[in-house]
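Please look over the sequence and the model shown here. The report below walks through the chain contact, the sheets and the helix packing.

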2 protein chains.
Amino acid sequence: MQPQRKPNRVAKRALASEIAQAIRLRMYRPGEWLRQIDLEEKFQATRFDVRSALEELAIRKTIEHVPNRGYRVMEIDLATYRAIRETRILLETGAMAGVVAHIDAAAIARLDELATAFSTAAATGTRIEQSEINSAFHHLIYASCGNPVLEETIWALRDRSRGSTVTVWASHEALLASARDHHAMVGALKRRDAAELAALITRHIQKDMG
Amino acid sequence: MQPQRKPNRVAKRALASEIAQAIRLRMYRPGEWLRQIDLEEKFQATRFDVRSALEELAIRKTIEHVPNRGYRVMEIDLATYRAIRETRILLETGAMAGVVAHIDAAAIARLDELATAFSTAAATGTRIEQSEINSAFHHLIYASCGNPVLEETIWALRDRSRGSTVTVWASHEALLASARDHHAMVGALKRRDAAELAALITRHIQKDMG
DNA sequence: TGTAACTAAATTGGCGCCAATTATATCGCC
DNA sequence: GGCGATATAATTGGCGCCAATTTAGTTACA
């Protein structure tokens with residue numbers, strides 16, 4: 001029986017993820033200041049851990065650091081937003097060749113489920129549910145590309161684009177359009193049509209979904 | 001007249017860059033442990049700054065952190081290396097459309113100079129000179145793509161691929177091949193031939209240059 | 001009454017100490 | 001003489017205090 005040791009090594013990394021998720025879910029809006037004391041209480045962490053987490057997020061460009069002022073959620077201008085979008089299209093369409101080559105039937109079936117679940121959530125679910133299902137859908141796709149580095153790079157950029165002032169799904173119409181896109185992607189996936197998939201992804205990103 | 005204040009905010013970030021450069025220049029080889037005390041003396045920094053810098057590099061995947069053991073230069077396996085290479089090809093070829101569209105005559109002239117300088121350095125220069133000129137050459141190209149996010153992403157991946165055990169220019173032959181590639185790229189650039197440029201870049205990366 | 005200087009409160013940020021852990025060396029034992 | 005256990009040295013890592021800085025509030029003065 002040994003005393004508890006390093007819950008901290010874990011806590012530090014986990015805290016960064018938690019804060020990142022809070023930002024993803026718009027609990028902190030772009031431009032908003034993240035006060036260390038608040039985070040300390042909110043997440044029941046020590047000041048030191050909070051600072052480490054904030055520093056990590058700043059390196060990842062999720063938040064911005066202003067000396068002697070603090071950290072705030074990154075607010076990206078239109079030009080940067082377009083640059084991110086363009087880069088995402090490059091990466092996410094590029095991943096499609098690998099996806100159609102590596103994905104198995106089970107994964108496609110699961111994607112089908114998720115696409116349906118998203119449609120349902122679009123009508124009745126909360127924003128958080130919608131966001132999570134959408135995230136799971138795209139996670140599964142990119143995880144199937146067979147290139148972990150590519151997958152990781154895609155997600156890093158996706159996270160950065162959250163800082164946009166443009167709301168995730170601006171309208172209910174946009175939400176329904178996303179739902180339709182998901183089903184279309186599953187269809188193209190079943191046909192192993194990488195080109196069609198890439199075209200769908202491009203439009204999906206250009207329409208600015210989550 | 002006020003006393004000197006925060007040279008530290010700067011020092012922390014600068015230190016991370018310095019250590020990163022040292023790793024780039026192979027002063028620390030992949031797998032090698034980075035002892036905090038050594039870095040403290042080597043770079044005349046406080047222990048705290050060293051740790052911050054190491055943490056930053058760990059987040060960037062330049063180095064690896066092993067709890068209670070320390071930090072060591074990331075050693076990447078062949079599979080990861082290929083994954084990085086594939087992703088780089090996607091990004092760097094994708095950048096070429098923007099490059100031919102945005103680059104001006106002055107930049108092309110400068111690239112011509114750098115290509116020549118590299119050829120010279122390949123014959124007579126030190127490894128560090130070769131590396132720096134090569135870096136400047138590619139920096140200038142990707143800076144001309146008109147997409148800062150893409151540029152940044154490219155360099156992040158390029159830095160990660162340094163962790164490969166494969167030496168930068170394994171042979172003098174490879175070095176000369178790189179020099180030829182550079183001149184060919186300048187030629188394609190002058191003709192605004194994005195497709196040819198992309199093909200050259202792909203081969204350049206597949207041959208594993210710096 | 002508006003503005004500017006001053007004061008007080010809140011927040012951030014630099015830094016160093018010491019415990020926990022791991023590597024190294026010494027010694028005894030098989 | 002080789003090998004394992006123990007002692008010692010070296011290194012890492014968690015954490016909190018207090019100074020520096022900024023912001024808000026207040027008062028004095030034109």
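How many residues does the contact take from chain A and from chain B? The contact takes 18 residues from chain A and 18 residues from chain B. Keep in mind that this is a predicted model.

**The chain A side of the contact**

Three helices of chain A each supply at least two residues of the side that touches chain B: α3 (47-59), α4 (78-102) and α7 (148-160). Of the elements on this side, α4(A) gives the most, with eight residues. By class, the side of chain A that touches chain B has nine nonpolar, five polar and four charged residues.

**The sheet of chain A**

Chain A has an open sheet of three strands. The order is β1-β3-β2, and the pairing is antiparallel. Why is one side of β1 (33-34) and of β2 (63-66) of chain A left without a neighbour in the sheet? Both strands stand at the edges, and each has a single partner strand, so one side of each has no neighbour there.

Four bridges join β2(A) to β3 (residues 70-73) of chain A. The two strands run antiparallel. A:Val66 has A:Gly70 as its bridge partner in β3(A). A:His65 is partnered by A:Tyr71 of β3(A). β2(A) and β3(A) form a hairpin, with three residues between them. In the turn, A:Asn68 has a positive phi of about 65 degrees.

α3(A) touches β1, β2 and β3 of chain A. Its direction makes about 110 degrees with that of β2(A).

**Strands of chain B**

In chain B, two bridges join β1 (residues 33-34) to β3(B), and these strands run antiparallel. Here B:Leu34 stands opposite B:Tyr71 in β3(B). Four bridges join β2 (residues 63-66) of chain B to β3(B), again antiparallel. B:Val66 has B:Gly70 as its bridge partner in β3(B). β2(B) and β3(B) form a hairpin with three residues between them. B:Asn68 sits in the turn and has a positive phi of about 65 degrees.

In a regular strand, side chains alternate between the two faces of the sheet. Which residues of β3 (residues 70-73) of chain B lie on the covered face, and which on the uncovered one? B:Tyr71 and B:Val73 form the covered face. B:Gly70 and B:Arg72 form the uncovered one.

Two packed helices are described by the angle between their axes and the distance between the axes. The table gives these values for two pairs.

| Helix pair | Axes come within | Crossing angle |
|---|---|---|
| α5 (residues 105-124) and α8 (residues 172-190) of chain A | 9 Å | roughly 165 degrees |
| α4(A) and α9 (residues 194-206) of chain A | 9 Å | roughly 155 degrees |

Take α5(A) and α8(A). Their axes cross at roughly 165 degrees, which makes the two helices roughly antiparallel. The crossing is left-handed. On α5(A), the contact includes A:Ile108, A:Leu111, A:Phe118 and A:Ala122. On α8(A), residues in the contact include A:Leu175, A:His182, A:His183 and A:Lys190. By class, the contact of α5(A) with α8(A) divides into ten nonpolar, three polar and two charged residues.

Now take α4(A) and α9(A). The axes of this pair cross at roughly 155 degrees, which makes α4(A) roughly antiparallel to α9(A). The crossing is right-handed. Residues of α4(A) in this contact include A:Arg85, A:Arg88, A:Glu92, A:Met96 and A:Val100. They meet residues of α9(A), among them A:Leu197, A:Ala198, A:Ile201 and A:Ile205. The contact of α4(A) with α9(A) has nine nonpolar, two polar and three charged residues.

**One residue in α4(A)**

A:Ile89 is found in helix α4 of chain A. Which residues is A:Ile89 in contact with, leaving aside its neighbours within four places in sequence? With those neighbours left aside, the partners of A:Ile89 are A:Thr202 and A:Ile205. A:Ile89 has 18 other C-beta atoms within 10 Å, so it is partly exposed. The C-alpha atoms of A:Ile89 and A:Ala16 are separated by 27 Å. These two residues are 73 residues apart along the chain.

Key:
Residues numbered from 1 in each chain as written. Chains lettered and ligands numbered in written order. Predicted model: local features only at pLDDT ≥ 70, side-chain atom pairs only at ≥ 80, totals over all residues. Contact = placed C-beta atoms within 7 Å. Nonpolar A, V, L, I, M, F, W, Y, C, P; charged D, E, K, R; others polar. Axes fitted to C-alpha atoms, helices over the stretch in contact; angles between N-to-C directions. Parallel < 35°, antiparallel > 145°, perpendicular 65-115°, else oblique. Left-handed = near helix turned anticlockwise from the far one by under 90°. Buried ≥ 20, exposed ≤ 12 C-beta atoms within 10 Å, placed from the backbone. Pairing = 2+ DSSP bridges.
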